[in-house]
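Here are some exercises to work through with the model open beside you. Try each task on your own before reading its solution.

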Amino acid sequence: MAQARPGSGPGGSDGQQRRLGSLLNGLRAAVLGANDGIVSMAGLVVGVAGATPNRGALLIAGVAGTMAGALSMAAGEYVSVSTQRDTERAALARESWELATDPAGELEELTEMYRARGLDEELAREVARELTAHDALGAHAEVELGLTRYRVNPWQAAG
Ligand SMILES: [Zn+2]
């Protein structure tokens, strides 16, 4: 499993960004889940209340509905985030294959991408060379694929 690389220590703006990304992703899932849960729960409880005056049945329907809703949301989140993670892994595998087979071409590619971001030729080349020496795959993942070191965790999303 590709977790945080040894080169990327915690703290600093990188760490804060990662935490913010994680927080926002969690918040998004929670809002979606809560919204979905409230609507279907209200519908279920009102429906059962209309069918029977029995409070026990109402309670059971409420609890069962809550659990079913939570499990279905968790499964949905797990699948969605797993798919995203698999896609990222495939892209990273391809990138490391390219780095292994054509290091010069990849260095050129990275240089071009830093130039496109506004660095002049000389500086772009220097940045690309140093980042390649430090963590080639990490640099390509970030600049070329838009992946940061923060990895989505499907179990966290499901929870
Ligand atoms: Zn590349």
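Helices (H or I, at least four residues) and strands (E, at least two) are taken as DSSP runs, numbered from the N terminus. This is a predicted model, in which local features need pLDDT of at least 70 and side-chain atom pairs count only at pLDDT 80 or more, while totals for chains, interfaces and linings use all residues. Residues are numbered from 1 along each chain as its sequence is written, and side-chain values use heavy atoms, with hydrogens and water left out.

**Exercise 1. The surroundings of Thr111**

Task: Find the helix that holds Thr111, decide whether Thr111 is buried or exposed, and list its contacts beyond four places in sequence.

Solution:
- Step 1. Thr111 belongs to helix α3, which covers residues 103-116.
- Step 2. Buried means under 20% relative accessible area, exposed over 50%, and partly exposed in between (1.4 Å probe, protein chains only). Thr111 is buried because its relative accessibility is 0%.
- Step 3. Contact means heavy atoms within 4.5 Å. Once neighbours within four places in sequence are set aside, Thr111 touches Glu121, Ala124, Arg125 and Ala128.

**Exercise 2. The packing of α3 and α4**

Task: Describe how α3 and α4 pack, giving the angle and the axis distance, and then name the residues that make the contact.

Solution:
- Step 1. Two packed helices are described by the angle between their axes and the distance between the axes. Axes are lines fitted to C-alpha atoms, for helices over the stretch in contact, and angles run from 0 to 180 degrees between N-to-C directions.
- Step 2. The angle between α3 and α4 is about 115 degrees, and their axes are 8 Å apart. This makes α3 roughly perpendicular to α4. The cut-offs are under 35 degrees for roughly parallel, over 145 for roughly antiparallel, 65 to 115 for roughly perpendicular, and oblique for the rest.
- Step 3. The contact draws on Glu106, Leu107, Glu108, Glu109, Leu110, Thr111, Met113, Tyr114 and Arg115 from α3, and on α4 residues including Glu121, Ala124, Arg125, Ala128 and His140.
- Step 4. For classes, Ala, Val, Leu, Ile, Met, Phe, Trp, Tyr, Cys and Pro count as nonpolar, Asp, Glu, Lys and Arg as charged, and the others, Gly among them, as polar. The contact of α3 with α4 has 10 nonpolar, three polar and seven charged residues.

**Exercise 3. The zinc site**

Task: Which protein donors does the zinc ion have, and what spacing do they follow along the chain?

Solution:
- Step 1. Donors are N, O and S atoms within 2.8 Å of the metal (3.2 Å for Na, K and Ca); water is not among the atoms, so sites may look incomplete.
- Step 2. Glu95 (OE), Glu106 (OE), Glu109 (OE), His140 (ND1) and Glu144 (OE) are the protein donors, at 1.8 to 2.2 Å from the zinc ion.
- Step 3. Along the chain, the donors of the zinc ion are spaced as E-x10-E-x2-E-x30-H-x3-E. Distant parts of the chain are linked by the pair Glu109 in helix α3 and His140 in helix α4 (residues 121-143), 31 residues apart.
- Step 4. Compare the accessibility of this pair: Glu109 is partly exposed, at 26% relative accessible area, whereas His140 is buried at 0%.

**Exercise 4. Where α2 meets its partners**

Task: Work out how α2 crosses α3 and how α2 crosses α4, with the residues involved.

Solution:
- Step 1. Helix α2 (residues 55-101) and α3 cross at roughly 115 degrees, their axes coming within 5 Å.
- Step 2. From α2, Glu95, Glu98, Leu99, Ala100 and Thr101 meet Pro103, Glu106 and Glu109 in α3. By class, this contact has three nonpolar, one polar and four charged residues.
- Step 3. The axes of α2 and α4 come within 10 Å and cross at roughly 125 degrees, and these two helices are therefore oblique to each other.
- Step 4. Leu92, Glu95, Ser96 and Leu99 of α2 make the contact with Ala136, Leu137, His140 and Ala141 of α4. Here the classes are five nonpolar, two polar and one charged.

**Exercise 5. The whole chain**

Task: How many helices and strands does the protein have, and what percentage of its residues count as buried?

Solution:
- Step 1. The protein has five helices and zero strands, in the order α-α-α-α-α along the sequence.
- Step 2. Of its 159 residues, 25% count as buried.
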